[in-house]
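Student: Could we go through this model together, with the terms spelled out as we use them?

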Amino acid sequence: GPLAGPHPAVLHLTALVEKGRGDIAASKAAFEEALRRAPEDPQIGNNYGNLLLGMGALEAALETFDRTLAIAPGFAEARFNRALAFEQMGRFDDALLDLDRVASMAPPTARLLTARASVLRGMGRLAEAAIAYDQALDLEPTRTTALHGRARTAMERGKADASQFYAHALAIAPDDLALNLGHAEALQAEGDPRAPDLLAQLVAQHADWAE
């Protein structure tokens, strides 16, 4: 007879709803039950892998993405997410392989190019990272992660115009504290005397900002 209890699709939906509500334990339990009932469903596997990735359970996330991609090797979203897991584990070569495979499936998006740039930056391939960030920003000029990465890369390369990249990013995301800190660091590196005052102002506005 049919399996008693909720259908896998219902469990999957429950898992996503609980994740949205912030109940990670309930979400994880629903995902595990959904996968027990529908182990071949790549959507459930990918979304469960994402939950594990968000929890910082990198080994378990990687295992889940591996299983999902064994079932559906052409599933670009799962491959992209596995690349993020590899990157967080410091396995940059593996991350780049997955991202390049995704890029071969469809025209690259700003999201993909930004992820690729971040991996290249992690490998110390800063000139290539800068190009990939620029390509991402050509497609999506207001993508904050790309703006931030591009500015950071300019600073790491010792470029004199790093503060301009930060200023451009701050014009789009003025309240981003990490960007503000980076901007001050870039100004400091360029010998601009305004950096301490900028930081003093920010600390006054955000007294709980530990960084």
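Predicted model: local features only at pLDDT ≥ 70, side-chain atom pairs only at ≥ 80, totals over all residues.

Tutor: Residues are numbered from 1 along each chain as its sequence is written, and side-chain values use heavy atoms, with hydrogens and water left out.

Student: How many helices and how many strands are there in the protein?

Tutor: Helices (H or I, at least four residues) and strands (E, at least two) are taken as DSSP runs and numbered from the N terminus. Read along the sequence, the pattern is α-α-α-α-α-α-α-α-α-α-α-α, and the C-alpha atoms fill a box of roughly 75 × 40 × 25 Å along the principal axes. The count is therefore 12 helices and 0 strands.

Student: What percentage of the contacts in the protein with a separation of 6 or more comes from residues 24 or more positions apart?

Tutor: Contact here means heavy atoms within 4.5 Å. Among the contacts with a separation of 6 or more, the share from residues 24 or more positions apart is 43%.

Student: Are helices α3 and α4 roughly parallel or roughly antiparallel to each other?

Tutor: Two packed helices are described by the angle between their axes and the distance between the axes. Axes are lines fitted to C-alpha atoms, for helices over the stretch in contact, with angles running from 0 to 180 degrees between N-to-C directions; angles under 35 degrees count as roughly parallel, over 145 as roughly antiparallel, 65 to 115 as roughly perpendicular and the rest as oblique. The axes of α3 (residues 42-55) and α4 come within 8 Å and cross at roughly 165°. The pair is therefore roughly antiparallel.

Student: Which residues of α4 meet α5?

Tutor: Helix α4 (residues 58-71) packs against helix α5 (residues 76-88) at about 150°, with axes 9 Å apart, which makes α4 roughly antiparallel to α5. On the α5 side the contact involves Ala78, Arg79, Asn81, Arg82, Ala85, Phe86 and Gln88. From α4 come Leu58, Leu62, Phe65, Asp66, Thr68 and Leu69.

Student: At what angle do α5 and α7 pack?

Tutor: The contact is made by Glu77, Phe80, Asn81, Leu84 and Glu87 of α5 with Arg111, Leu112, Ala115, Ser118 and Val119 of α7. The two helices are roughly parallel to each other, and their axes lie 11 Å apart. The angle is about 25°.

Student: Which residues is Leu99 in contact with, leaving aside its neighbours within four places in sequence?

Tutor: Leu99 is among the residues with the most contacts inside the largest nonpolar core. Beyond its neighbours within four places in sequence, the residues in contact with Leu99 are Phe80, Ala83, Leu112, Ala115, Arg116 and Val119.

Student: How many residues are in the second, separate core?

Tutor: This core includes Leu11, Phe31, Ile44 and Phe65, and Phe65 is also one of the α4 residues that meet α5. The number of residues in the second core is 16.

Student: Does Arg150 count as buried or exposed?

Tutor: Arg150 is found in helix α9, and, leaving aside neighbours within four places in sequence, Arg150 is in contact with Ala130, Tyr133, Asp134, Leu137 and Phe165. In the protein as a whole, 40% of the 211 residues count as buried. Because its relative accessibility is 10%, Arg150 counts as buried.

Note on methods
Core = buried A, V, L, I, M, F, W, Y, C linked by side-chain atoms within 4.5 Å. Buried < 20%, exposed > 50% of the residue type's maximum accessible area, 1.4 Å probe, protein only.
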